[in-house]
Amino acid sequence: MEDAMTPPQQKPPLPRRTPRAEHPASAKIQEAMAARDGLAAALRAAGVQLPVLDVRTPWPDTDGADAARPARYALVHLGVCSAPVAHAIAAVIRKGVAG
């Protein structure tokens with residue numbers, strides 16, 4: 001049983017969003033941004049648009065010691081979408097698999 005005076009465990013920082021233009025992007029971030037843009041274009045060509053496509057890295061914004069640390073990886077964040085958009089994505093995938 002935890003003591004009521006025990007401080008809660010700190011959560012790790014949330015991934016930061018796509019780097020701003022004033023901060024040069026590492027090769028990993030550039031790769032993720034190219035993948036995001038390619039996915040967005042392919043979905044758009046199929047008539048599907050996700051409301052949020054972003055690139056995230058594991059470090060907080062460029063404050064303190066993390067500011068100079070190069071990203072070891074970056075993730076394409078697909079965000080959330082409505083049920084109709086999810087159905088449209090599934091239909092596009094099924095069509096491509098069957099094609």
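The following legends describe close-up views of a predicted model.

In this predicted model, local features need pLDDT of at least 70 and side-chain atom pairs count only at pLDDT 80 or more, while totals for chains, interfaces and linings use all residues. Residues are numbered from 1 along each chain as its sequence is written, and side-chain values use heavy atoms, with hydrogens and water left out.

**View 1. Overall arrangement of the protein.** The protein has two helices and two strands, in the order α-β-β-α from the N terminus. Helices (H or I, at least four residues) and strands (E, at least two) are DSSP runs, numbered from the N terminus. Of the 99 residues, 20% are buried; buried means under 20% relative accessible area, exposed over 50%, and partly exposed in between (1.4 Å probe, protein chains only). Among contacts (heavy atoms within 4.5 Å) with a separation of 6 or more, 62% are between residues 24 or more positions apart. The protein exposes about 7,600 Å², of which carbon and sulfur atoms supply 60%. Accessible areas come from the Shrake-Rupley method with a 1.4 Å probe, and for residues only the protein chains shown count as cover.

View 2. Helix 1 has 19 residues and reaches 27 Å from its first C-alpha to its last, close to the 27 Å expected at 1.5 Å a residue. The expected span is 1.5 Å times one less than the number of residues. Ile29, Ala32, Arg36, Ala40 and Leu43 are the buried residues shown in helix 1. They lie on the same side of helix 1 because they cover an arc of only 75° around the axis, the arc being that of the directions from the helix axis to the C-beta atoms. Ala27, Glu31 and Ala45 are exposed on the other side. The cover over the buried residues of helix 1 includes strand 1 (54-56), strand 2 (75-77) and helix 2 (83-98). Just after helix 1, Gly47 takes a positive phi of about 85°.

**View 3. A nonpolar surface patch.** Leu39, Val76 and Leu78 make a nonpolar surface patch of about 200 Å². Patches are made of residues with over 30% relative accessible area and no salt bridge; like charges are joined within 9 Å, and nonpolar side chains (Val, Leu, Ile, Met, Phe, Trp, Tyr) within 5 Å. Leu39 is in helix 1 (residues 27-45) and counts as partly exposed at 32% relative accessibility.

**View 4. Surroundings of Val92.** Val92 is in helix 2 and is partly exposed, with a relative accessible area of 32%. Leaving aside neighbours within four places in sequence, Val92 is in contact with Ala46 and Val48. Val92 and Leu43 are 49 residues apart in sequence and 8.5 Å apart in space, C-alpha to C-alpha.

**View 5. Salt bridges.** Side chains of opposite charge can pair when their charged atoms come close. The structure holds two salt bridges, each defined as a side-chain nitrogen of Lys or Arg within 4 Å of a carboxyl oxygen of Asp or Glu. One joins the side chains of Asp37 and Arg36 (2.9 Å, N to O). Asp37 is partly exposed at 42% relative accessible area, whereas Arg36 is buried at 15%. Another links Arg56 with Asp54, the closest N and O atoms being 3.5 Å apart. Arg56 is buried, with a relative accessible area of 13%, and Asp54 is buried at 8%.
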